[in-house]
Amino acid sequence: MMDGTPFLRILTKHREVLVEHVKNTQCVLDNLKSNGFICNEDIEIIQRSATKTDQVRKILELVQSKGEEASAYLIHILHEAYDAYVDLRPWFDTIQYKPADSIRDLPVINTDPISKYSEKLRSELGRDTRFLTSYSQREETLLDELYTDTQMEIFNDKGESLGYLESLDDILGEQGVFNHEAETIFITGDAGVGKSILLQKLQNLWSKRELNIRAKFFFKFRCRMFSAFKETDEISVKDLIFKHNCYPDGDPDNEVFRYILRFPETVLFTFDGYDEIQMDFDMDNVPEVVSPEEKTHPLLVLMNLLCGKLLRGSRKVLTARTGTEVQSRVIRKKVVLRGFSPDHLKRYMALHFPKEEHKEVVSVQLDANPHLCGLCSIPLFSWIIFKSFKHLQSMYDNYELPNSCITLTNVFLLLSEVFLGRITKRPGLLKRSTRSTAETFRAGLKTLVAFAKLALLGLEKSNFIYSQEDLTSCGLSEEDLQVGFLRPVSHYDACGGAATFEFLHLTLQAFLTAFSLVLDSDISPDGILKFFAKCEYNKSSRLSCFSCLGRSSRARDTDPFQTNEHFQFTNLFLCGLLSKTNAALLEHLVPPLSLKKKHVSLKSYLSTSVKTHLRGLPRYPSTDIKGSKVHVMPNFLWTLRCIFETHSEDVARLTAKGISADYIKLAYCNIYSADCSALNFVLHHHKKSLGVDLDNNNISDYGVKQLVPSFSKMTVVRFCVNQLTDSSIEVLSRELIRHKIVRVLGLYKNHITDVGAKMVAQIIEECPHLTTLKLGSNHITSVGAKFLAQAIQKSKSIFDVGMWGNSIGDEGAEAFAEALKNHPKLTNLSLSANGISSQGGRSLAKALKENSSLHIFWLIQNQISDDAASDLGEALRCNSALTHLLLIDNQLTARGAKQLFEGLASNTTIKEIILKGNPVSEEEKKQFESEKRLCFH
């Protein structure tokens, strides 16, 4: 409070502000009465007023009549009852509020039903989210002790990357919003990448008031709960948010829900796992629901919430696995989780291994195994590997992470060994000197068979929630539940009910399902292939049943919510379990003849399906190199993963042989770093040279290291938009210079600095067949530009260079000008968006006078002004090779345009000069209408 200003006078001066913003009078009256400032008779008089604003006026008059102390306490109530009067926070800052000494110790109890309910939600969310429970039942780990951010990439409605978010607050902020009318933030990512944990962290931050969002209410849901409803079940929005979260206390007048309806912008929903919804009835032509009181099927309530038909103005965060499609008009912002970066992984490892000696051991082993690092970039797999390492290290002497190329099946076998080890764990403090995986699995076989049977029954019905009866029918006891494969599920309503369970993660359920296919002697060798049929590539979009989410052309009886990733994982784990590397373990659990028959059946199926897939792919001419190009279907990635899990050189060799095209395009296939081992496993068998396009994936430095054996075959190496750093360029420089066959090198939009640019320059100099280089949108300055320009100047093969979106400036432009002079081959050059001013523009213009090779020159989005126009005009008079000059979004005025106009009079080869976005008025443009090659639009 401003020094010396009486509180009574503040109430008088700011009377209208208080009348406008104080919506709740009950909390004020309760506290004034409990501290003796007013009596029951006063309250009765105040409550006779018809409206809230009149009641506030009466309170102000009464309190002021009571004197300075009562006035001070009224303001203190408004300050301390935070949620009840949140709209007054700016006002308190304005008056620089400090409580009077006389009332500082008087208690304030927030009795506002809305605030009480908000506090109840915070309390329950804080309790529910305090521990990490997603992956472990037996051990409780504080969320704050282990949570580590992952890479959060944002995309626009065209699927173009807009960069990365810096913090969780940014998820709910304005960065990356492409549809301001929509209300749903869509978070997607691969299984295990951390979507559920991210939501848990958001919920936990909100419960502690540490989330930068003005939401009074936070309601969390798991989408698989909607599969538990019957077709005849009906609920309203009110039922959904209260019955399946918690009910308000002491709210006979329904104030909380009326507040929510009046101020929906104060509500935040999270819906986790949209792809896990299962439906058994037709959703076509269903009516839209707009009334909050109307009861309908719970799934329709969800759909109408997401579309904004119900509680319009509320914010929703929706998560789903990669491949789940929702129309852009429903999505406000799209965030794709990319897993741990190397720095994230180091932080996460440090949290798991606080002792320096343990951290050093794990770090050394990870550095020696890039494939293992790639697996660890997925948080779930990293958690399993680190947890298993800690457990087995505590049990056995000198346990180390596997130094061979560990597969995903190996990771889940490791987890299963840890869980089953709880059954066979012997008492005693001493570590054992030897570890027998087979002994552990053999001792826990009965339990493993029961869990595997439960997983298979669930997956066959696309069921993820199990009752006690389901567990009993599979032979699982109460003691078995302590092993760790299952965890209890929070009740989906506030009314209690029978306990339900789910597997720790969907991938674990898929792994155990695959184990059941192998272990069950009643399942025939052909029967193990049942889930492959469910994974055929389908071009029609998924998850678009409702009109606002889009419609599909599928048959009416097909589940529009079905995604097949859990079947894909089952097939992958089946391949891993039946691989020769795991045969020694499985022979202790399955009769050898049965195991052999199932292995033969799987290998035969894979061989046939690979042939069929590759034969059916369309081919078209490549523009980068001579020969045909093939763009594989997304399902091909899963085929590669399965082949890698089998570790069958025969199938890998057959697949490589089937790639008859000269160029294989794997862009936008959601390939992450560990997948590069699978790709390399096939490509290193390919006999001929091959172009490989891996643009727009999630490969990172780990993936590049795994592809080293295949670089000897690659004539086209495209890694655009893949989060590569200078570390990857070091690998590429060494390998590409060694083999000297590369023709096209694409590194656009990565994290390459001048250090990496120097190594790229070495590639240019040492690789005599390199024709195309794409280095745009990196972090290259004039320092790196000089290295590149000098290398380009020496090259006799390069003809296409893209540097768009770096920061080479005028010094870099001058270096490229030197490279342009008398260059024998360079036909396409882009120096757009590089901070080039007229100084650099003049150097480039003068170089054009001495160049007879360049055809297309991009100088878009620079700061070239009229000062360079005369040199550009002179260049046009001398140059007879240039056909297209793009000067969009520079600073050329009509004076500069005139000099270009005059230069064109002597030039017959140039086809267009584009000046769109320069400061030339419509009236000024008319003087250039006779020269059609000068374009302003």
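**Exercise 1.** In this predicted model, state how many bridges join strand S11 to strand S12 and in which direction the two strands run. Then place S11 in its sheet.

*Solution.* Step 1: S11 and S12 (residues 500-503) run antiparallel and are joined by 4 bridges. Step 2: Within this pair, valine 489 has threonine 500 of S12 opposite to it. Step 3: The open sheet consists of 3 strands, ordered S10-S12-S11, with antiparallel pairing. Step 4: Strand S10 (466-467) and strand S11 (486-489) each have a single partner strand, so one side of each lacks a neighbour in the sheet.

**Exercise 2.** Find the edge strands of the sheet formed by 7 strands, and describe how S7 pairs with S8.

*Solution.* Step 1: The order in this open sheet is S4-S3-S9-S5-S8-S7-S6, and its pairing is mixed. Step 2: Strand S4 (161-164) and S6 pair on one side only, which makes them the edge strands. Step 3: On average, neighbouring strands of this sheet are turned by 20° against each other, direction ignored. Step 4: S7 and strand S8 (residues 315-321) run parallel, joined by 4 bridges. Step 5: Phenylalanine 271 stands opposite leucine 318 in S8.

**Exercise 3.** Determine which residues of helix H12 are buried and what they pack against.

*Solution.* Step 1: Buried means under 20% relative accessible area. Step 2: In H12 (residues 255-262), the buried residues are Val256, Phe257, Tyr259 and Ile260. Step 3: These residues lie on the same side of H12, because they cover an arc of only 155° around the axis. Step 4: Their packing partners are helix H8 (113-129), helix H11 (237-243), strand S6 (217-222) and strand S7 (267-272).

Notes: Residues numbered from 1 in each chain as written. Predicted model: local features only at pLDDT ≥ 70, side-chain atom pairs only at ≥ 80, totals over all residues. Heavy atoms only, no water. Buried < 20%, exposed > 50% of the residue type's maximum accessible area, 1.4 Å probe, protein only. Arc of directions from axis to C-beta. Contact = heavy atoms within 4.5 Å. Pairing = 2+ DSSP bridges. Axes fitted to C-alpha atoms, helices over the stretch in contact; angles between N-to-C directions.
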